[in-house]
Amino acid sequence: MSRRILIIKSSSMGDVIHALPVAYDIKKAFPDCELDWVVEESFKDIPALSPFIDRRIVTAFRRWRKHPLSHHTREEFGELRKTLREAHYDCVIDIQGLLRTGLVARLSGAETWGYSKDTIREPLASRFYTHTLAVPESLRPVRRYRTMASRVLGYTIDPEAPHYGLKVTPVSPVGVTGPYAALAVNTSRAEKLWPQQRWIEVARELKKDGLQSVLFWGSDAEHERVLEIASAVEGAVVMPRSNLRSLAQAIAGAACLAGVDTGLTHLGAALGVPSVGIIVGTSAELFSLVSEKACATVGDKGVVPGTIEVLSALHAVMHAGAEESGTPGR
């Protein structure tokens, strides 16, 4: 009988993406295992991009806590518990480390692993696990998640060479007539935004290189921002509000991607699109882009990169990407 393993990494978008190399590592070490993944419903399309994940188990804690005692919430939570128990997992690994993910681990009724109380975001969660390991939060997320899983399951990894192996069919957005650049200008935290005028300058320069700019949004405020940028750049396209699978397809077809520290930017790097991350309000040491292909990160917390720096990085990763694929550079 094949081994049954459950990974719990339910949110947020960027963190789920950073955890996906764990699926490749596990399936490389145990090709015949059955690998399931717990993910919050808002991000359920992300694990679906990995051919190494056999089944997604979807939670809805963000919705459930709004009506915790409602019949619908209790019914869905009961179904979650039933699904976890009936799977009879050989090993459950919580690589998130929150009270709610620790609870999911406990609900499985299986042998569970999580971070020690000194290396976990919510220390009380460590009480939910059968075993704990000290894996410091100071590690970059991709390396931390891979280290945790490899130590639990007893295989070795090359910490400098994560592999995503995502499968996405590229689809050009409506209104795009040729090569295009994906611009992830929005983020939920204002301190991570890059100045709007600099986005306009980058998009105009990319237009000179023969690249249309495609912009994305997920809220009214974000929609207003991308419309203002697009209105100042000839040929720029604002993609309709879309689900994560459609966004992944659009990003996968891009010649390059530039974006702030947000999930879509990390998705571009994970898909192997030549990508540049623009760090403004977070740590570049922790949140630089990680990819199997050409990528770069500019800026740092409190260090706002200029337009020329971003454009230079974009040209460099596009050139490197062309060399990797054996196609002529732009």
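This briefing describes strands, helices and single residues of one predicted model. Local features are described where pLDDT is at least 70, side-chain atom pairs count only at pLDDT 80 or more, and totals for chains, interfaces and linings use all residues. Residues are numbered from 1 along each chain as its sequence is written, and side-chain values use heavy atoms, with hydrogens and water left out. Helices (H or I, at least four residues) and strands (E, at least two) are DSSP runs, numbered from the N terminus.

**The six-stranded sheet**

- Six strands make an open sheet, in the order β3-β2-β1-β4-β5-β6, with parallel pairing; two strands pair if DSSP finds at least two bridges between them.
- The edge strands, β3 (55–59) and β6 (131–133), each pair on one side only.
- From one strand to the next, the twist averages 20°.
- Four bridges link β1 (residues 4–8) with β4 (residues 91–94) in the parallel sense, and Leu6 has Val92 in β4 as its bridge partner.

**Helices on the sheet**

- Helix α6 (residues 141–153) packs on the sheet, in contact (heavy atoms within 4.5 Å) with β1, β4, β5 (112–115) and β6.
- The direction of α6 makes about 155° with that of β4; axes are lines fitted to C-alpha atoms, for helices over the stretch in contact, and angles run from 0 to 180 degrees between N-to-C directions.
- Helix α2 (residues 21–29) lies across β1 and β2 (34–40), and runs at about 165° to β2.
- Thr147 is part of helix α6 and counts as buried at 18% relative accessibility; buried means under 20% relative accessible area, exposed over 50%, and partly exposed in between (1.4 Å probe, protein chains only).
- Leaving aside residues up to four places away in sequence, Thr147 touches Val135, Leu139 and Ile157.

- Most residues other than glycine have a negative phi, and most peptide bonds are trans.
- A cis peptide bond joins Ser11 to Ser12, with omega about -15°; Ser12 sits in the loop between β1 and α1 (13–19).
- His88, which is not a glycine, has a positive phi near 55°.
- The loop between α4 (71–87) and β4 holds His88, and His88 is exposed, at a relative accessible area of 61%.

**A covered helix and a covered strand**

- In helix α10 (residues 263–270), eight of its eight residues are buried.
- These buried residues pack against α1, β7 (180–184), α9 (244–252), β10 (256–260), β11 (275–279) and α11 (284–287).
- Just after α10 comes Gly272, with a positive phi of about 85°.
- In a regular strand the side chains alternate between the two faces of the sheet.
- Strand β8 (residues 212–215) is covered on both faces: Gln212 and Val214 are buried on one side, and Ser213 and Leu215 on the other.
- β7 and β8 run parallel and are joined by four bridges; Ala182 stands opposite Val214 of β8.

**Helix α7 and its two partners**

- Two packed helices are described by the angle between their axes and the distance between the axes.
- Helix α7 (residues 196–208) and helix α12 (residues 307–325) have axes that come within 10 Å and cross at roughly 40°.
- α7 contributes Arg198, Glu201, Val202, Glu205 and Leu206 to the contact, while α12 contributes Thr307, Val310, Leu311 and Leu314.
- Five residues of the contact between α7 and α12 are nonpolar, one is polar and three are charged; Ala, Val, Leu, Ile, Met, Phe, Trp, Tyr, Cys and Pro count as nonpolar, Asp, Glu, Lys and Arg as charged, and the others, Gly among them, as polar.
- α7 also packs with helix α8 (residues 220–231), at an angle of about 45° and with the axes 9 Å apart; α7 and α8 are therefore oblique to each other.
- Here Gln196, Trp199 and Ile200 of α7 meet Arg225, Glu228 and Ile229 of α8, a set with three nonpolar, one polar and two charged residues.

- Ile308 belongs to helix α12 and is exposed, with a relative accessible area of 68%.
- From C-alpha to C-alpha, Ile308 is 30 Å from Pro162, and the two are 146 residues apart in sequence.

How values were computed. Angles under 35 degrees count as roughly parallel, over 145 as roughly antiparallel, 65 to 115 as roughly perpendicular and the rest as oblique.
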